[in-house]
Amino acid sequence: FSIDTDKNCMLSLTKITLGDSSDPKCTLDQIRPFLENPQFCRTSCWYDDLHFVIDTQKKCILSLTRISPGESSDPECTSNQILPFLKDAKLCTHDRKIGDMMS
């Protein structure tokens with residue numbers, strides 16, 4: 001587990017072999033919320049020829065890139081994940097336009 005304690009979400013979750021990590025063992029209190037509701041800080045997926053990285057907390061797009069079919073190992077986006085962005089492409093950073101991201 002890699003957890004952002006300020007945002008209360010998981011940065012990553014990786015399967016390891018026992019003893020592979022030098023990090024301390026998680027307490028049940030630390031991980032209980034994520035066992036009940038695995039809330040990741042960000043999610044990445046693809047749709048058509050677009051690869052999305054979405055901030056699940058702020059509900060905005062961290063990055064949007066064009067990809068070739070089969071290029072991404074991420075899962076295909078569900079309509080629920082990207083529908084809000086098809087209507088209003090809300091970027092996490094306001095200094096970049098969608099056009100800049102797509103080039």
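Mentor: Buried means under 20% relative accessible area, exposed over 50%, and partly exposed in between (1.4 Å probe, protein chains only). This is a predicted model: local features need pLDDT of at least 70, side-chain atom pairs count only at pLDDT 80 or more, and totals for chains, interfaces and linings use all residues. Residues are numbered from 1 along each chain as its sequence is written, and side-chain values use heavy atoms, with hydrogens and water left out.

Trainee: Are Cys45 and Cys77 buried or exposed?

Mentor: These two cysteines form a disulfide (a pair of cysteine sulfur atoms within 2.5 Å). The sulfur atoms of Cys45 and Cys77 are 2.1 Å apart. Both Cys45 and Cys77 are buried.

Trainee: Which hand does the disulfide of Cys9 and Cys41 have?

Mentor: The S to S distance between Cys9 and Cys41 is 1.9 Å. The torsion about their S-S bond is about 100°, so the disulfide is right-handed.

Trainee: Is Cys60 buried or exposed?

Mentor: Cys60 pairs with Cys92, sulfur atoms 2.1 Å apart. The relative accessible area of Cys60 is 3%, so Cys60 is buried.

Trainee: What is the pairing of the bonded cysteines in sequence order?

Mentor: A search of the whole structure finds 3 disulfides. Number the bonded cysteines of the chain in sequence order, and the pairing is 1-2, 3-5, 4-6.
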